[in-house]
Every structure is written in structure tokens, then in C-alpha cells.
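Student: I would like a close look at one part of this model, the aromatic rings and their surroundings. Please take me through it in one go.

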Amino acid sequence: MSMLVRFFGPGVVACVAERTTTRLFMPGLLEAGGYGLPKAYGGVIAVNLVASTFTLISLGMRVGQARKKLTEQAKKDGDEHADERFGLPKMQAEGFSELAKKFNCIQRGHQQALETYGSFLALSAVGGVVFPITTIVSGALWIYARKKWAAGYATGDPDKRYQNAAAFHVWTSLGNLMIASLGTALGVSGIL
């Protein structure tokens, strides 16, 4: 039960707070803008779609840089199969060396972001229609937490992916977006 509260609780609080305070203090953000969407939806597009894409690109670039650097280091260390071990098209480096493990951890930091990115985008697009502020804040949190998570993973020790407390909020942000999307669904169906 506590895990459910930890995962979904912040989203419930954020959505309820947005529904009550935005109408009182910032009603213009919820007014229809272009295409009939709330004006604040532009922030959803800017943060959750555009800025998050740059985050994924930067994580992918780290993989490319690590591939080159660790291949060179393996060659210096006498690995005569370094090009085959680290080279494209292999996603993961073969073997059990510390360099292979480090590369695989950096790659895993990018790959795991890709595994959840489709859900992140879909939930952002839907949840942002009714809860744009919660969605924008959750998107910014996802970006920050994703970078911290990947940096911890890039140490070469998978257990360090949560060494920064902010890294856990990758999951908090997804929980928030699930609640915002559920709220949108309930609103569309006339229940909310």
C-alpha cells in the first residue's frame, strides 16, 4: 500500500491542487488557445516533448562518446578484440572486463530511458489536456531525474543508479502523468 501511495500520491495531490488553485490564481492558463487546447499546453509541448527529446539525444551521445573512449582504453590495456567488443552494431559490449561493464552501464542508462519514453510521451500528451501544469512540472522532474539516474548508472555500478535521491523521481513523474491522464479520461467520459 505504501508503494502505491508513494508512486501515485504526489500525482493525486498535484492534480487536485492544479484544479483548485489554477482557476483561482491563473485562470488564463486554462483558457482555450490555439487548436482549442489550454494555453498552458504549449508548455507541455516545449518541456515534455521537445526538451525531453534533447535529454534522450544527450544520453545517446554519451553512449557514443563512451564507445569511442572505452575502445581506445581497452586497446591501450592490450585488448586486441576491442573494436569487435565495443564496436557497432553491438548494443552491449561483450565480456566481463571493468571497461565492458562500464560501457554496458552507460548504454543501459540510455536504453532504459527509451523503454519508458513512449509511455512518458503518450501520458504527457493526454494528461496535459486537462492538467497542463502538473504535466509540465512532471516533465521537468522526469528530465532532471533521468539525468541523475543515468549519471549514477554511468559509474559502472548499477546499484548507484539511485545514489542521487532525485533519480527515483523518474518513477514519481510517470506516476504523476498516469494520474493526470486518468483524470483527463474521467473528464472526457463526464465522470469528473
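Tutor: The model is predicted. A search of the whole structure gives seven aromatic pairs. In one of them, the ring centres of F7 and F8 are 4.6 Å apart and the planes stand at 80°, so this pair is edge-to-face, the angle being over 60 degrees. F7 has 19% relative accessibility and therefore counts as buried, the limit being under 20%. F8, with a relative accessible area of 25%, is partly exposed.

W149 and Y162 also form an edge-to-face pair, with 6.4 Å from centre to centre and 75° between the planes. This pair links distant parts of the chain, 13 residues apart: W149 belongs to helix α5 (residues 132-153), while Y162 is in the loop between α5 and α6 (169-188). W149 is buried at a relative accessible area of 3%, and Y162 is partly exposed at 34% relative accessibility. R146 lies over the face of W149, 5.3 Å from the ring centre.

Another charge over a ring involves R6: its charged end sits over the ring of F168, 4.0 Å from the ring centre. Ring pairs also join Y117, F120 and W142 into a cluster.

Now the helix packing. Helix α2 (residues 41-76) and helix α4 (residues 98-130) have axes that come within 10 Å and cross at roughly 170°. That angle is over 145 degrees, so α2 is roughly antiparallel to α4. The contact of α2 with α4 has 19 nonpolar, 10 polar and three charged residues.

Terms used. Residues are numbered from 1 along each chain as its sequence is written. This is a predicted model: local features need pLDDT of at least 70, side-chain atom pairs count only at pLDDT 80 or more; totals for chains, interfaces and linings use all residues. Side-chain values use heavy atoms; hydrogens and water are left out. Axes are lines fitted to C-alpha atoms, for helices over the stretch in contact, and angles run from 0 to 180 degrees between N-to-C directions. Helices (H or I, at least four residues) and strands (E, at least two) are DSSP runs, numbered from the N terminus. Angles under 35 degrees count as roughly parallel, over 145 as roughly antiparallel, 65 to 115 as roughly perpendicular and the rest as oblique. Ala, Val, Leu, Ile, Met, Phe, Trp, Tyr, Cys and Pro count as nonpolar, Asp, Glu, Lys and Arg as charged, and the others, Gly among them, as polar. Rings of Phe, Tyr and Trp (its six-membered ring) pair if their centres lie within 6.5 Å; planes under 30 degrees apart count as stacked, over 60 as edge-to-face and the rest as tilted. Buried means under 20% relative accessible area, exposed over 50%, partly exposed in between (1.4 Å probe, protein chains only). A charge sits over a ring if NZ of Lys or CZ of Arg is within 6 Å of the ring centre and within 35 degrees of the ring normal.
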